[in-house]
Amino acid sequence: MKNRVNLIGRLGKDAQLIITKNDSFMLAFSVATGGNKTLWHDVVFFNEEKIEKLESFLKKGALVDIEGYLNPREYERGGNTYKTCSVVANKILILDKPKDKEQPAIEQHHEYTSSINDTTIYDDDIPF
């Protein structure tokens, strides 16, 4: 069985740049999908070479196509154990042009791929 996720949705807020325990960089953001009911998905993306450029396009309301996999994990807080699941993006396809005049123009459907295969993900690295 494959662990694969494809989402098309809009960002709920600007992407956050985070430095992980092993000093690599990642972007973290949430994507809203759904028809009658909105579903929120926590997404992370690893690729130090592309993060800086991609961060400028991942703004609240941006329409994106995400391809990746689910990363389930458990954590403890206040003596309680919680389970959560985030999406680790392998590809991000930007589906709309920036609405902000200060953002650089891009071609529609610009694709960014992740270097996740070279990165170890620790539970403490993911901020959700």
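Student: What is the relative accessible area of E74?
Tutor: E74 has a relative accessible area of 45%, so it counts as partly exposed, a class between buried (under 20%) and exposed (over 50%), found with a 1.4 Å probe on protein chains only. Keep in mind that this is a predicted model, in which local features need pLDDT of at least 70 and side-chain atom pairs count only at pLDDT 80 or more, while totals for chains, interfaces and linings use all residues. Residues are numbered from 1 along each chain as its sequence is written, and side-chain values use heavy atoms, with hydrogens and water left out.

Student: OK, and which residue does E74 form a salt bridge with?
Tutor: The partner of E74 is K83, and the closest N and O atoms of the two are 3.9 Å apart, where a salt bridge needs a side-chain nitrogen of Lys or Arg within 4 Å of a carboxyl oxygen of Asp or Glu. K83 has a relative accessible area of 70%, so it is exposed.

Student: How many salt bridges does the structure hold?
Tutor: There are 3 salt bridges in the structure. Another of them joins the side chains of E67 and R4, at 3.6 Å from N to O, and this pair links distant parts of the chain, since E67 sits in strand β5 and R4 in the segment before β1, 63 residues apart. Strands here are DSSP runs of E with at least two residues, and helices are runs of H or I with at least four, numbered from the N terminus.

Student: Which residue does D96 pair with?
Tutor: D96 forms a salt bridge with R10, and their closest N and O atoms are 3.2 Å apart. D96 lies in the loop between β6 and β7 (110-113) and R10 in strand β1, so this pair ties together parts that are 86 residues apart in sequence. D96 counts as buried, with a relative accessibility of 14%, while R10, at 37%, is partly exposed.

Student: Changing topic, how many aromatic pairs are there?
Tutor: Searching the whole structure gives 1 aromatic pair. It is made of Y75 and Y82, whose ring centres are 5.5 Å apart and whose planes meet at 25 degrees, so the pair is stacked. The rule is that rings of Phe, Tyr and Trp (its six-membered ring) pair if their centres lie within 6.5 Å, with planes under 30 degrees apart called stacked, over 60 edge-to-face and the rest tilted.

Student: And what are the relative accessibilities of those two?
Tutor: Y75 has a value of 23% and is partly exposed, and Y82, at 36%, also counts as partly exposed.

Student: What about the inside, which residues touch the most other members of the largest nonpolar core?
Tutor: That core has 20 residues, and F29, L58, I66 and I92 are the ones touching the most other members. Two or more residues each are given by β1 (5-11), β3, β4 (39-45), α1 (48-55), β5 (63-77) and β6 (80-94), and the largest share, 4 residues, is from β6. A nonpolar core is a set of buried Ala, Val, Leu, Ile, Met, Phe, Trp, Tyr and Cys residues joined through side-chain atoms within 4.5 Å.

Student: How many residues does the other core have?
Tutor: The other core, which lies apart from the largest one, has 6 residues, including I18, M26, A28 and V88.
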